[in-house]
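Please look through the sequence and the model first.

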Amino acid sequence: MTFATADLIDDFDAELQSCETQFRQYGGKSTFSGQITTIRCFRDNGLVKKTLNSPGEGRVLVVDGGGSLASALCGDLIAKAAVDNGWAGLVINGAIRDSVTLGTLALGVKALGANPRKSAKDAAGETDVTVGFGGVEFKPGSWLYSDADGIVVADRDVLAP
């Protein structure tokens, strides 16, 4: 299914939140969408790895890393696991690494930037909680749509018939 976030805003403005954070596109898929799963963590990607090594079923993982660029919350191995497990995309309010390889994967990946430094692996943080950044509340079960223009979020699948 194809879409443009600008068209979604035109058609469903009252139902959509538009993220103000200016993310960079890193994944091989520039347009992606899916139901939201969330993680809140800080400089620790243990929960990210665990989550992306489970069935994605076309979902999008939204990770609130507190906006830290000090260490990466996702790299090539974790992103490859996401592809293998059927995830549609990742939105990381933080950093990634292995950016060139991420660009070759059939996965949507948006992040604030890149840093080669690894993060901790203690799995500290929270899963399936509402996280907020860029003026948007990302709630588990809501729907995220992302393309070159940005990210919009709705409480329902606005593309469903």
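The structure is a predicted model.

**Aromatic pairs**

A pair of aromatic rings is described by how far apart the centres are and by the angle of the planes. Three aromatic pairs are counted here. One of them joins Phe-3 and Tyr-145: the ring centres are 5.6 Å apart and the planes stand at 85°, so this pair is edge-to-face. The cut-off behind that label is an angle over 60 degrees. Phe-3 sits in the segment before helix 1, while Tyr-145 belongs to strand 10 (residues 143-147), so the contact ties together parts that are 142 residues apart in sequence. Phe-3 and Tyr-145 are both buried.

Phe-23 and Phe-133 also form an edge-to-face pair, with 5.9 Å from centre to centre and 70° between the planes. Phe-23 is in the loop between strand 1 (17-18) and strand 2 (24-25), and Phe-133 is in strand 8 (residues 131-133), so this pair links parts 110 residues apart in sequence. Both of these residues, Phe-23 and Phe-133, are buried. Together with Phe-138, Phe-23 and Phe-133 make up one aromatic cluster.

**A negative patch**

Which residues form the negative surface patch? Asp-7, Asp-10, Asp-11 and Asp-13 do. Asp-7 is part of helix 1, which spans residues 5-12. The relative accessibility of Asp-7 is 45%, so Asp-7 counts as partly exposed. Partly exposed stands for values between the limits of 20% for buried and 50% for exposed.

**Positive phi angles**

Two residues with a positive phi are described next. Arg-43 has a phi near 55°, a positive value in a residue other than glycine. Asp-98 is not a glycine either, and its phi is positive at about 60°. Where does Arg-43 lie? Arg-43 is in the loop between strand 3 (32-40) and helix 2 (46-52). Asp-98 is in the loop between strand 5 (89-96) and helix 4 (99-102).

The table lists the accessibility of these two residues.

| Residue | Relative accessibility | Class |
|---|---|---|
| Arg-43 | 37% | partly exposed |
| Asp-98 | 29% | partly exposed |

Arg-43 is thus a partly exposed loop residue, and Asp-98 is likewise a partly exposed residue in a loop.

Notes. Residues numbered from 1 in each chain as written. Predicted model: local features only at pLDDT ≥ 70, side-chain atom pairs only at ≥ 80, totals over all residues. Heavy atoms only, no water. Patch = residues over 30% accessible without salt bridge, like charges linked within 9 Å, V, L, I, M, F, W, Y side chains within 5 Å. Areas by Shrake-Rupley, 256 points an atom, 1.4 Å probe, with all protein chains shown as cover. Salt bridge = Lys/Arg side-chain N within 4 Å of Asp/Glu carboxyl O. Lys, Arg positive; Asp, Glu negative; His and termini not counted. Charge placed at Lys NZ, Arg CZ, Asp CG, Glu CD. Helix = DSSP H or I, 4+ residues; strand = E, 2+ residues; numbered from the N terminus. Buried < 20%, exposed > 50% of the residue type's maximum accessible area, 1.4 Å probe, protein only. Phe/Tyr/Trp six-rings, centres within 6.5 Å; stacked < 30°, edge-to-face > 60°.
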